[in-house]
Amino acid sequence: MKRREFLTGIAVTGALGYATTADAASPAVTSATSVAPARVDWEWVRAQFNLSRDWIHMSSFLIASHPRVVREALERHRRGLDEDPILYLKSHDDEAPVLEAASRYMGARPSEIALTDSTTMGLGTLYGGLPLRAGDEILTTTHDHYAHHESIRLAARRAGATVRKIALYERGADASAESMAQRIASAITPHTRVVGVTWVHSCTGVVTPVRAIAHAVARANAGRAADNRVLLCVDGVHGFGVKNVEMADLGCDFFVAGCHKWILGPRGTGVLWGKADAWPALRPTIPHFGEEAWNAWYKGVEPPPTNADMMTPGGYHSFEHRWALAEAFDFHRQIGKARVESRILELNRQCKEGLLSMRHVTVHTPKAAALSAGLIAFEVAGLAPPEVVARLAAKKIHAKVSPYRTSYARVAPAILNTPAEVDIVLREIRALA
Ligand SMILES: Cc1ncc(COP(=O)(O)O)c(C=O)c1O
(Lines give C-alpha, C1' and ligand atoms only; values in the text may rest on other atoms or scores of the structure.)
Protein backbone atom coordinates (compact mmCIF):
# COMPACT_ATOMS: atom_id res chain seq x y z
CA MET A 1 0.00 0.00 0.00
CA LYS A 2 2.99 2.33 0.20
CA ARG A 3 2.17 3.40 -3.28
CA ARG A 4 4.54 6.18 -4.05
CA GLU A 5 7.39 4.37 -2.34
CA PHE A 6 6.73 1.74 -4.90
CA LEU A 7 6.46 4.19 -7.77
CA THR A 8 9.46 6.28 -6.91
CA GLY A 9 11.55 3.13 -6.67
CA ILE A 10 12.38 3.73 -3.03
CA ALA A 11 11.39 0.25 -1.98
CA VAL A 12 10.65 -1.68 -5.12
CA THR A 13 11.25 -5.34 -4.60
CA GLY A 14 8.78 -6.90 -7.03
CA ALA A 15 9.17 -6.50 -10.74
CA LEU A 16 12.50 -4.73 -10.68
CA GLY A 17 14.01 -6.84 -7.95
CA TYR A 18 15.84 -4.19 -5.97
CA ALA A 19 15.29 -2.39 -2.71
CA THR A 20 16.96 0.53 -1.01
CA THR A 21 17.71 0.68 2.65
CA ALA A 22 15.22 2.24 5.02
CA ASP A 23 15.59 5.96 5.25
CA ALA A 24 16.76 7.98 8.18
CA ALA A 25 14.55 10.44 9.98
CA SER A 26 11.33 11.74 8.50
CA PRO A 27 9.30 14.63 9.90
CA ALA A 28 7.83 13.65 13.25
CA VAL A 29 4.11 13.06 13.65
CA THR A 30 2.51 14.39 16.77
CA SER A 31 -0.46 12.58 18.19
CA ALA A 32 -3.89 14.24 18.16
CA THR A 33 -4.28 16.67 21.02
CA SER A 34 -8.03 17.02 21.26
CA VAL A 35 -8.96 14.32 23.72
CA ALA A 36 -12.67 13.80 24.19
CA PRO A 37 -14.19 13.56 27.63
CA ALA A 38 -14.96 10.00 28.72
CA ARG A 39 -18.53 10.38 27.51
CA VAL A 40 -18.68 13.13 24.92
CA ASP A 41 -21.40 15.71 25.29
CA TRP A 42 -22.90 17.83 22.53
CA GLU A 43 -21.30 21.04 23.76
CA TRP A 44 -17.92 19.38 23.44
CA VAL A 45 -18.87 18.23 19.93
CA ARG A 46 -19.87 21.78 18.91
CA ALA A 47 -16.64 23.14 20.35
CA GLN A 48 -14.66 20.91 18.00
CA PHE A 49 -15.69 23.08 15.04
CA ASN A 50 -14.38 26.53 14.14
CA LEU A 51 -17.76 27.37 12.63
CA SER A 52 -18.65 31.02 13.06
CA ARG A 53 -20.94 31.65 16.05
CA ASP A 54 -22.61 34.49 14.11
CA TRP A 55 -24.69 32.07 12.10
CA ILE A 56 -26.91 29.08 12.72
CA HIS A 57 -25.42 26.43 10.46
CA MET A 58 -28.40 24.41 9.21
CA SER A 59 -26.76 23.41 5.92
CA SER A 60 -23.59 21.76 7.09
CA PHE A 61 -24.47 18.75 4.91
CA LEU A 62 -23.31 20.69 1.85
CA ILE A 63 -19.60 20.73 2.60
CA ALA A 64 -18.09 19.95 5.98
CA SER A 65 -16.39 22.21 8.43
CA HIS A 66 -13.64 19.99 9.86
CA PRO A 67 -13.70 19.00 13.51
CA ARG A 68 -10.54 19.67 15.44
CA VAL A 69 -8.97 16.21 15.13
CA VAL A 70 -9.33 16.42 11.36
CA ARG A 71 -7.90 19.96 11.23
CA GLU A 72 -4.93 18.87 13.33
CA ALA A 73 -4.27 15.82 11.18
CA LEU A 74 -4.51 17.91 8.01
CA GLU A 75 -2.09 20.46 9.42
CA ARG A 76 0.34 17.78 10.57
CA HIS A 77 0.45 16.17 7.13
CA ARG A 78 0.56 19.52 5.34
CA ARG A 79 3.50 20.67 7.45
CA GLY A 80 5.34 17.42 6.86
CA LEU A 81 4.78 17.60 3.10
CA ASP A 82 5.84 21.24 2.96
CA GLU A 83 8.98 20.60 4.98
CA ASP A 84 10.13 17.64 2.92
CA PRO A 85 7.72 16.11 0.38
CA ILE A 86 10.10 13.26 -0.48
CA LEU A 87 10.77 12.10 3.06
CA TYR A 88 7.22 12.67 4.23
CA LEU A 89 5.73 10.73 1.32
CA LYS A 90 8.22 7.95 1.91
CA SER A 91 7.19 7.52 5.51
CA HIS A 92 3.46 8.29 5.21
CA ASP A 93 2.30 7.23 1.77
CA ASP A 94 0.09 4.53 3.11
CA GLU A 95 -3.66 4.41 2.71
CA ALA A 96 -3.99 1.42 5.03
CA PRO A 97 -4.80 3.50 8.16
CA VAL A 98 -7.53 5.34 6.24
CA LEU A 99 -8.97 2.11 4.87
CA GLU A 100 -8.85 0.51 8.31
CA ALA A 101 -10.65 3.48 9.92
CA ALA A 102 -13.24 3.41 7.10
CA SER A 103 -13.68 -0.32 7.47
CA ARG A 104 -14.23 -0.05 11.25
CA TYR A 105 -16.83 2.66 10.68
CA MET A 106 -18.54 0.89 7.75
CA GLY A 107 -18.39 -2.63 9.15
CA ALA A 108 -16.63 -3.74 5.99
CA ARG A 109 -13.23 -5.12 5.03
CA PRO A 110 -10.53 -2.63 3.99
CA SER A 111 -10.12 -4.65 0.77
CA GLU A 112 -13.74 -3.83 -0.16
CA ILE A 113 -13.22 -0.05 -0.15
CA ALA A 114 -11.88 2.24 -2.89
CA LEU A 115 -10.98 5.83 -2.02
CA THR A 116 -12.27 8.70 -4.14
CA ASP A 117 -12.43 12.48 -3.98
CA SER A 118 -16.22 12.86 -3.84
CA THR A 119 -19.57 11.20 -4.34
CA THR A 120 -19.44 12.41 -7.94
CA MET A 121 -16.07 10.77 -8.58
CA GLY A 122 -17.30 7.54 -6.96
CA LEU A 123 -20.45 7.48 -9.08
CA GLY A 124 -18.56 8.31 -12.27
CA THR A 125 -15.90 5.62 -11.78
CA LEU A 126 -18.48 3.06 -10.66
CA TYR A 127 -20.97 3.46 -13.50
CA GLY A 128 -18.18 3.96 -16.04
CA GLY A 129 -16.69 0.68 -14.85
CA LEU A 130 -19.81 -1.50 -14.90
CA PRO A 131 -19.80 -4.38 -17.40
CA LEU A 132 -22.69 -3.01 -19.46
CA ARG A 133 -23.54 -4.28 -22.93
CA ALA A 134 -25.65 -2.88 -25.75
CA GLY A 135 -29.33 -3.46 -24.95
CA ASP A 136 -28.82 -3.65 -21.18
CA GLU A 137 -31.03 -1.39 -19.08
CA ILE A 138 -30.12 0.75 -16.11
CA LEU A 139 -33.17 1.26 -13.92
CA THR A 140 -33.07 4.35 -11.74
CA THR A 141 -35.47 6.84 -10.23
CA THR A 142 -36.58 10.42 -10.77
CA HIS A 143 -35.29 11.43 -7.32
CA ASP A 144 -31.53 11.11 -7.75
CA HIS A 145 -28.89 13.82 -7.89
CA TYR A 146 -27.51 15.32 -11.11
CA ALA A 147 -24.15 13.57 -10.49
CA HIS A 148 -25.90 10.18 -10.31
CA HIS A 149 -28.10 10.68 -13.38
CA GLU A 150 -25.19 12.01 -15.41
CA SER A 151 -22.93 9.11 -14.41
CA ILE A 152 -25.70 6.75 -15.56
CA ARG A 153 -26.34 8.64 -18.81
CA LEU A 154 -22.66 8.74 -19.76
CA ALA A 155 -22.10 5.06 -18.95
CA ALA A 156 -25.23 4.02 -20.86
CA ARG A 157 -24.21 6.09 -23.89
CA ARG A 158 -20.77 4.47 -24.01
CA ALA A 159 -22.20 0.94 -23.75
CA GLY A 160 -25.31 1.37 -25.91
CA ALA A 161 -27.44 0.62 -22.85
CA THR A 162 -30.79 2.22 -22.09
CA VAL A 163 -31.92 4.17 -19.02
CA ARG A 164 -35.34 4.11 -17.38
CA LYS A 165 -36.34 6.43 -14.55
CA ILE A 166 -39.31 5.70 -12.33
CA ALA A 167 -40.90 7.68 -9.52
CA LEU A 168 -40.87 5.98 -6.12
CA TYR A 169 -43.55 8.34 -4.76
CA GLU A 170 -45.58 11.34 -5.84
CA ARG A 171 -45.23 13.36 -2.59
CA GLY A 172 -42.18 12.80 -0.40
CA ALA A 173 -44.19 13.20 2.80
CA ASP A 174 -46.46 10.30 1.77
CA ALA A 175 -43.67 7.92 0.73
CA SER A 176 -43.86 4.39 2.14
CA ALA A 177 -41.08 1.81 2.30
CA GLU A 178 -43.29 -1.01 0.97
CA SER A 179 -44.48 1.00 -1.99
CA MET A 180 -40.98 2.23 -2.89
CA ALA A 181 -39.57 -1.32 -2.86
CA GLN A 182 -42.61 -2.59 -4.74
CA ARG A 183 -42.20 -0.01 -7.51
CA ILE A 184 -38.61 -1.06 -8.05
CA ALA A 185 -39.53 -4.76 -7.95
CA SER A 186 -42.21 -4.36 -10.62
CA ALA A 187 -40.00 -2.19 -12.85
CA ILE A 188 -37.16 -4.74 -13.17
CA THR A 189 -37.26 -6.47 -16.59
CA PRO A 190 -35.13 -9.22 -18.15
CA HIS A 191 -32.99 -6.41 -19.66
CA THR A 192 -32.31 -4.67 -16.34
CA ARG A 193 -28.66 -5.09 -15.35
CA VAL A 194 -28.30 -2.24 -12.87
CA VAL A 195 -30.62 -0.63 -10.34
CA GLY A 196 -29.33 2.77 -9.20
CA VAL A 197 -30.96 4.41 -6.18
CA THR A 198 -30.17 7.10 -3.63
CA TRP A 199 -30.31 6.27 0.08
CA VAL A 200 -31.46 9.72 1.21
CA HIS A 201 -32.99 11.91 -1.48
CA SER A 202 -31.50 15.36 -1.26
CA CYS A 203 -34.59 16.84 -2.98
CA THR A 204 -37.12 15.61 -0.42
CA GLY A 205 -35.15 14.09 2.48
CA VAL A 206 -36.90 10.72 1.90
CA VAL A 207 -34.94 7.64 2.97
CA THR A 208 -35.31 4.76 0.53
CA PRO A 209 -35.62 1.19 1.88
CA VAL A 210 -32.31 -0.02 0.46
CA ARG A 211 -32.53 -3.37 2.24
CA ALA A 212 -36.02 -4.09 0.85
CA ILE A 213 -34.89 -3.00 -2.62
CA ALA A 214 -31.91 -5.37 -2.28
CA HIS A 215 -34.38 -8.19 -1.53
CA ALA A 216 -36.36 -7.29 -4.66
CA VAL A 217 -33.14 -7.34 -6.70
CA ALA A 218 -32.17 -10.71 -5.17
CA ARG A 219 -35.55 -12.14 -6.17
CA ALA A 220 -35.05 -10.87 -9.72
CA ASN A 221 -31.58 -12.46 -9.77
CA ALA A 222 -32.82 -15.92 -8.82
CA GLY A 223 -32.08 -18.17 -11.76
CA ARG A 224 -30.04 -15.55 -13.66
CA ALA A 225 -26.54 -16.40 -14.89
CA ALA A 226 -23.74 -14.65 -13.00
CA ASP A 227 -22.96 -12.29 -15.89
CA ASN A 228 -26.60 -11.34 -16.21
CA ARG A 229 -27.19 -10.48 -12.59
CA VAL A 230 -28.77 -7.14 -11.65
CA LEU A 231 -26.38 -5.03 -9.58
CA LEU A 232 -27.76 -2.64 -6.96
CA CYS A 233 -25.78 0.63 -6.78
CA VAL A 234 -26.49 3.19 -4.07
CA ASP A 235 -25.60 6.87 -3.76
CA GLY A 236 -25.44 6.89 0.02
CA VAL A 237 -23.98 10.29 0.75
CA HIS A 238 -26.75 11.74 2.92
CA GLY A 239 -27.18 8.60 5.02
CA PHE A 240 -23.43 8.09 5.52
CA GLY A 241 -22.51 9.73 8.80
CA VAL A 242 -26.16 9.80 9.89
CA LYS A 243 -27.60 6.29 9.95
CA ASN A 244 -26.20 3.69 12.29
CA VAL A 245 -25.86 0.89 9.78
CA GLU A 246 -23.11 -1.25 8.35
CA MET A 247 -22.64 -2.08 4.69
CA ALA A 248 -24.01 -5.61 5.03
CA ASP A 249 -27.23 -4.19 6.55
CA LEU A 250 -27.93 -2.38 3.29
CA GLY A 251 -27.53 -5.45 1.10
CA CYS A 252 -26.48 -3.49 -2.01
CA ASP A 253 -23.63 -4.45 -4.36
CA PHE A 254 -21.98 -1.01 -4.48
CA PHE A 255 -22.23 1.99 -2.18
CA VAL A 256 -20.87 5.45 -3.01
CA ALA A 257 -20.48 8.41 -0.69
CA GLY A 258 -18.49 11.58 -0.30
CA CYS A 259 -16.90 11.93 3.14
CA HIS A 260 -16.98 15.72 3.18
CA LYS A 261 -20.62 16.00 4.14
CA TRP A 262 -22.09 14.13 7.13
CA ILE A 263 -18.87 12.22 7.82
CA LEU A 264 -17.23 15.64 8.43
CA GLY A 265 -14.08 14.45 6.71
CA PRO A 266 -11.55 16.45 4.74
CA ARG A 267 -12.99 18.28 1.75
CA GLY A 268 -12.26 16.23 -1.37
CA THR A 269 -12.65 12.74 0.09
CA GLY A 270 -15.03 9.87 -0.56
CA VAL A 271 -15.46 6.11 -0.61
CA LEU A 272 -16.72 3.49 -3.03
CA TRP A 273 -17.58 0.22 -1.30
CA GLY A 274 -18.41 -3.00 -3.09
CA LYS A 275 -19.19 -6.57 -2.04
CA ALA A 276 -16.06 -8.70 -2.21
CA ASP A 277 -17.36 -10.72 -5.17
CA ALA A 278 -18.61 -7.67 -7.11
CA TRP A 279 -15.25 -6.03 -7.87
CA PRO A 280 -13.75 -8.35 -10.52
CA ALA A 281 -16.48 -7.44 -13.03
CA LEU A 282 -15.59 -3.72 -12.92
CA ARG A 283 -13.31 -2.01 -15.43
CA PRO A 284 -11.22 0.83 -14.00
CA THR A 285 -11.30 4.12 -15.88
CA ILE A 286 -8.53 6.06 -14.15
CA PRO A 287 -5.22 4.21 -13.74
CA HIS A 288 -4.52 3.22 -10.17
CA PHE A 289 -1.06 3.88 -8.68
CA GLY A 290 -0.76 0.55 -6.91
CA GLU A 291 1.69 -2.26 -6.89
CA GLU A 292 -0.36 -4.87 -8.76
CA ALA A 293 -1.26 -2.58 -11.63
CA TRP A 294 2.27 -1.16 -11.97
CA ASN A 295 3.88 -4.57 -11.77
CA ALA A 296 1.66 -5.76 -14.62
CA TRP A 297 2.68 -2.70 -16.61
CA TYR A 298 6.38 -3.25 -15.90
CA LYS A 299 6.10 -6.83 -17.02
CA GLY A 300 3.86 -6.03 -20.00
CA VAL A 301 1.16 -8.44 -18.86
CA GLU A 302 -2.56 -8.10 -18.17
CA PRO A 303 -3.27 -6.76 -14.68
CA PRO A 304 -5.05 -9.17 -12.30
CA PRO A 305 -8.84 -9.02 -11.97
CA THR A 306 -10.12 -5.68 -10.68
CA ASN A 307 -10.24 -5.15 -6.95
CA ALA A 308 -11.20 -2.16 -4.80
CA ASP A 309 -7.62 -0.93 -4.73
CA MET A 310 -7.51 -0.82 -8.52
CA MET A 311 -10.71 1.26 -8.56
CA THR A 312 -9.02 3.92 -6.45
CA PRO A 313 -8.05 6.60 -8.98
CA GLY A 314 -4.29 7.09 -9.10
CA GLY A 315 -2.14 10.15 -9.59
CA TYR A 316 -0.60 12.32 -6.90
CA HIS A 317 -3.38 13.61 -4.67
CA SER A 318 -4.14 16.14 -2.00
CA PHE A 319 -2.55 13.59 0.32
CA GLU A 320 -3.04 15.51 3.54
CA HIS A 321 -6.79 15.42 2.94
CA ARG A 322 -6.91 11.74 2.11
CA TRP A 323 -4.79 10.70 5.10
CA ALA A 324 -6.73 12.90 7.56
CA LEU A 325 -9.95 11.05 6.65
CA ALA A 326 -9.06 8.38 9.20
CA GLU A 327 -9.57 10.91 12.00
CA ALA A 328 -13.07 11.79 10.75
CA PHE A 329 -14.23 8.17 10.92
CA ASP A 330 -12.68 7.80 14.35
CA PHE A 331 -14.39 11.02 15.50
CA HIS A 332 -17.76 9.47 14.70
CA ARG A 333 -16.86 6.25 16.46
CA GLN A 334 -15.60 8.19 19.45
CA ILE A 335 -19.01 9.87 19.81
CA GLY A 336 -20.74 6.61 18.93
CA LYS A 337 -22.60 5.89 15.69
CA ALA A 338 -25.84 5.15 17.55
CA ARG A 339 -25.61 8.43 19.48
CA VAL A 340 -24.91 10.40 16.31
CA GLU A 341 -27.97 8.89 14.66
CA SER A 342 -30.29 9.43 17.59
CA ARG A 343 -29.11 13.03 18.06
CA ILE A 344 -29.70 13.87 14.40
CA LEU A 345 -33.08 12.14 14.34
CA GLU A 346 -34.14 13.87 17.55
CA LEU A 347 -33.22 17.36 16.25
CA ASN A 348 -34.97 16.57 13.00
CA ARG A 349 -38.07 15.33 14.84
CA GLN A 350 -38.19 18.58 16.80
CA CYS A 351 -37.77 20.61 13.62
CA LYS A 352 -40.35 18.65 11.58
CA GLU A 353 -42.96 18.77 14.34
CA GLY A 354 -42.52 22.54 14.57
CA LEU A 355 -42.82 22.95 10.80
CA LEU A 356 -45.82 20.62 10.58
CA SER A 357 -47.68 22.80 13.08
CA MET A 358 -47.38 25.85 10.78
CA ARG A 359 -50.26 26.34 8.39
CA HIS A 360 -48.16 28.32 5.89
CA VAL A 361 -45.53 25.55 5.66
CA THR A 362 -45.67 22.33 3.61
CA VAL A 363 -43.18 19.70 4.73
CA HIS A 364 -42.06 17.30 1.99
CA THR A 365 -39.97 15.02 4.21
CA PRO A 366 -41.78 12.11 5.88
CA LYS A 367 -42.39 12.48 9.60
CA ALA A 368 -41.38 8.88 10.36
CA ALA A 369 -37.79 8.51 11.57
CA ALA A 370 -37.35 5.36 9.47
CA LEU A 371 -38.14 7.32 6.30
CA SER A 372 -36.04 10.40 7.04
CA ALA A 373 -32.53 11.28 8.13
CA GLY A 374 -30.97 14.73 8.55
CA LEU A 375 -32.53 16.68 5.69
CA ILE A 376 -35.88 18.48 5.83
CA ALA A 377 -37.41 19.82 2.61
CA PHE A 378 -40.23 22.32 2.92
CA GLU A 379 -42.14 25.12 1.20
CA VAL A 380 -43.54 28.34 2.58
CA ALA A 381 -46.84 29.51 1.04
CA GLY A 382 -46.36 32.50 -1.22
CA LEU A 383 -42.54 32.39 -1.20
CA ALA A 384 -40.28 30.74 -3.78
CA PRO A 385 -37.60 28.52 -2.18
CA PRO A 386 -34.72 30.97 -2.97
CA GLU A 387 -36.73 33.70 -1.25
CA VAL A 388 -37.19 31.52 1.86
CA VAL A 389 -33.44 30.87 1.95
CA ALA A 390 -32.66 34.57 1.45
CA ARG A 391 -35.05 35.61 4.26
CA LEU A 392 -33.50 33.08 6.63
CA ALA A 393 -30.01 34.25 5.61
CA ALA A 394 -31.05 37.76 6.58
CA LYS A 395 -31.59 36.29 10.06
CA LYS A 396 -28.18 34.60 9.96
CA ILE A 397 -29.55 31.12 9.35
CA HIS A 398 -27.99 28.98 6.64
CA ALA A 399 -30.64 27.06 4.69
CA LYS A 400 -30.26 25.77 1.11
CA VAL A 401 -32.42 25.33 -1.96
CA SER A 402 -32.44 21.77 -3.35
CA PRO A 403 -30.84 21.76 -6.84
CA TYR A 404 -33.59 19.81 -8.61
CA ARG A 405 -36.19 20.58 -11.29
CA THR A 406 -38.79 20.78 -8.52
CA SER A 407 -36.93 22.47 -5.73
CA TYR A 408 -37.64 23.15 -2.07
CA ALA A 409 -35.99 24.99 0.78
CA ARG A 410 -33.97 22.70 3.06
CA VAL A 411 -32.64 22.77 6.59
CA ALA A 412 -30.47 20.01 8.03
CA PRO A 413 -30.06 19.84 11.82
CA ALA A 414 -26.77 18.01 12.48
CA ILE A 415 -24.61 17.02 15.45
CA LEU A 416 -23.13 20.50 15.57
CA ASN A 417 -26.58 22.02 16.14
CA THR A 418 -28.60 22.36 19.34
CA PRO A 419 -32.31 22.15 20.20
CA ALA A 420 -32.15 25.89 20.99
CA GLU A 421 -30.94 26.61 17.45
CA VAL A 422 -33.77 24.52 16.03
CA ASP A 423 -36.19 26.65 18.06
CA ILE A 424 -34.74 29.84 16.58
CA VAL A 425 -35.01 28.43 13.05
CA LEU A 426 -38.65 27.51 13.73
CA ARG A 427 -39.36 30.99 15.12
CA GLU A 428 -37.96 32.62 11.98
CA ILE A 429 -39.84 30.30 9.61
CA ARG A 430 -43.02 30.98 11.60
CA ALA A 431 -42.40 34.70 11.07
CA LEU A 432 -42.41 34.19 7.28
CA ALA A 433 -46.20 33.67 7.35
C1 LIG B 1 -27.64 12.89 -3.33
C2 LIG B 1 -26.35 13.55 -3.74
N3 LIG B 1 -25.46 12.84 -4.44
C4 LIG B 1 -24.29 13.38 -4.82
C5 LIG B 1 -23.95 14.67 -4.50
C6 LIG B 1 -22.60 15.20 -4.92
O7 LIG B 1 -21.72 15.05 -3.83
P8 LIG B 1 -20.16 15.34 -3.94
O9 LIG B 1 -19.98 16.80 -3.76
O10 LIG B 1 -19.55 14.56 -2.83
O11 LIG B 1 -19.71 14.88 -5.27
C12 LIG B 1 -24.84 15.45 -3.76
C13 LIG B 1 -24.50 16.83 -3.37
O14 LIG B 1 -24.94 17.39 -2.41
C15 LIG B 1 -26.08 14.87 -3.38
O16 LIG B 1 -27.00 15.58 -2.70
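The protein is divided into domain 1 (97–333) and domain 2 (337–430), with bounds that come from an automatic or database domain assignment. Please keep in mind that this is a predicted model, in which local features need pLDDT of at least 70 and side-chain atom pairs count only at pLDDT 80 or more, while totals for chains, interfaces and linings use all residues. Residues are numbered from 1 along each chain as its sequence is written, and side-chain values use heavy atoms, leaving out hydrogens and water.

In domain 1, 30 residues are in contact with 27 residues of domain 2, contact being heavy atoms within 4.5 Å. Between them the domains bury about 2200 Å², 61% of it on carbon and sulfur atoms; this buried area is the accessible area (1.4 Å probe) that two parts lose on being put together, summed over both. On the side of domain 1 that touches domain 2, the elements giving two or more residues are α8 (177–187) and α13 (325–335). Helices here are DSSP runs (H or I, at least four residues), as are strands (E, at least two), numbered from the N terminus.

A nonpolar core is a set of buried Ala, Val, Leu, Ile, Met, Phe, Trp, Tyr and Cys residues joined through side-chain atoms within 4.5 Å, where buried means under 20% relative accessible area, exposed over 50%, and partly exposed in between (1.4 Å probe, protein chains only). Leaving aside neighbours within four places in sequence, phenylalanine 329 has contacts that include Tyr105, Phe240 and Ile263.

Two single residues are worth a visit. Phenylalanine 61, in the loop between β1 (56–57) and α3 (68–83), is buried with a relative accessible area of 2%. Beyond its neighbours within four places in sequence, phenylalanine 61 is in contact with residues including Trp262, Lys400 and Arg410. The C-alpha atoms of phenylalanine 61 and lysine 400 are separated by 9.9 Å, although these residues are 339 apart along the chain.

Threonine 119 is found in helix α6 (residues 119–129) and is buried, with a relative accessible area of 8%. The side chain of threonine 119 reaches the backbone nitrogen of glycine 258 at 2.9 Å.

Notes. A polar contact is a pair of N or O atoms within 3.5 Å; within protein, one must be able to donate a hydrogen and the other to accept it, and residues adjacent in sequence count only if both atoms are side-chain atoms.
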